[in-house]
Amino acid sequence: MHGLEDNELVSRVISQQDTAAFGELVRRHQSQIRNFLRKLTREHALADDLAQDCFLHAWDKIHTFTGKGSFIGWMLKVAYTTFLQSKRKSSRYGEVLEQVGGESIADGSSSTVESDEITDLDRFLAVLTEEERAVMILSYACGLSHREIGDAAKLPVGTVKSIIYRGKEKIRESFEIEDHQYG
Amino acid sequence: MKSKIINMVERLKDKEDRMLESLFASESIADNGFSQKVVSRVRRRIWIQRLSLPIAFVVGGAIAVKPLSQFVAAMSKMFVFIPQSFSSRIESVPFDRLPPVSSIFIAATLVMVFLLVSRLLED
């Protein structure tokens, strides 16, 4: 099972409902999915709950994975959708973000809710909109291409590029970087 | 691989890029039973899906058998093409020995509660 490619494992899951193959996919990608959701929610317990739900949704929808892009790209799309659905259902996420935002404004810096330590990442995330936050995380934390981000966040590639441009502007303002150049 | 090449072309890194990458950099998260937990939830889901349909059939059938037989008996009196022997046979079935509908409901509720509690315990 360990030597198989992601696409082969997906084929096994679809054709045989192979839970061991699915378990291997979870084992391979759990770190990236949990990291993405932890950065998005800023709360580890909530993120891990969402990650479990995300993998259950993936189990239900795995037949829709066409194999055109990477499996992790598709999983991140499922994770982002799960996050948006849960946010609509629960006010818990809103409270967490308000807490982070409030601390950032009060201190001029920010924090992980989990540790009560204010980090530069929280400070930066607090000035971004939810959509910008997701795009920046998918780009810089998950290393997806603009096309993959567009696919995951259901945005045109041009919009993804302009969001990243805006994000960079904001980080320049937040961290007072003087000599900058855009590639 | 192709995606990584595209990524490199897309991003001629500047100061903000490097800062963002260092901001977002994170250690890999140890599994610590996470994947096992997900797989057991998936297996339980499969088990519940397989079990729920037969249970629904049994419970529904147990509830419906008495009124259905009464309905057939009544119809046989109205329509001559249903043989009298068939209707008399249905009337002779000892439906009184069947548990009452309330008991069937309680049993079904208990089964549901058991499934829910087992799910909660696993969670």
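Lys168(A) and Asp17(B) form a salt bridge, with their closest N and O atoms 3.3 Å apart. The model is predicted. Side chains of opposite charge can pair when their charged atoms come close.

Now widen the view to the whole interface. The rule finds ten residue pairs in polar contact across chain A and chain B, both residues at pLDDT 80 or more. On the side of chain A that touches chain B, at least two residues each come from α2, α3, α6 (120-126), α7, α8 (146-153) and α9. The largest share, twelve residues, comes from α2(A). By type, that side of chain A divides into 19 nonpolar, 14 polar and 13 charged residues.

The contact draws 46 residues from chain A and 32 residues from chain B. Together the two chains bury about 3,500 Å², with 61% of it on carbon and sulfur atoms. In chain A, the residues that lose the most area to chain B are Gln52(A), Leu56(A) and Tyr140(A), together 20% of what that side buries.

Next, turn to salt bridges within chain A. Over all chains, the count comes to 13 salt bridges. Start in helix α2 (residues 19-41), which holds both Glu24(A) and Arg28(A). They sit four residues apart, about one turn of the helix. Their side chains meet in a salt bridge at 3.0 Å, N to O. Why does Glu24(A) count as buried? Its relative accessibility is 6%, and buried means under 20%. Arg28(A), at 27%, counts as partly exposed.

Asp48(A) and Arg34(A) also meet through their side chains, in a salt bridge of 3.2 Å, N to O. This pair links distant parts of the chain, 14 residues apart: Asp48(A) lies in helix α3 (residues 44-61), Arg34(A) in helix α2. Asp48(A) is buried, with a relative accessible area of 16%. Arg34(A) is buried too, at 7% relative accessibility.

Another salt bridge joins Glu132(A) and Lys170(A), whose closest N and O atoms are 2.7 Å apart. Here again the pair links distant parts of the chain, 38 residues apart. Glu132(A) belongs to helix α7 (residues 130-141), and Lys170(A) to helix α9 (residues 157-175). Glu132(A) counts as buried at 3% relative accessibility. Lys170(A) is partly exposed, with a relative accessible area of 21%.

Finally, Asp6(A), Glu24(A), Arg27(A) and Arg28(A) are joined into one network by salt bridges that share partners.

Definitions and conventions:
Residues are numbered from 1 along each chain as its sequence is written. Chains are lettered from A and ligands numbered from 1 in the order in which they are written. This is a predicted model: local features need pLDDT of at least 70, side-chain atom pairs count only at pLDDT 80 or more; totals for chains, interfaces and linings use all residues. Side-chain values use heavy atoms; hydrogens and water are left out. A salt bridge is a side-chain nitrogen of Lys or Arg within 4 Å of a carboxyl oxygen of Asp or Glu. Buried means under 20% relative accessible area, exposed over 50%, partly exposed in between (1.4 Å probe, protein chains only). Contact means heavy atoms within 4.5 Å. Buried area is the accessible area (1.4 Å probe) that two parts lose on being put together, summed over both. A polar contact is a pair of N or O atoms within 3.5 Å; within protein, one must be able to donate a hydrogen and the other to accept it, and residues adjacent in sequence count only if both atoms are side-chain atoms. Ala, Val, Leu, Ile, Met, Phe, Trp, Tyr, Cys and Pro count as nonpolar, Asp, Glu, Lys and Arg as charged, and the others, Gly among them, as polar.
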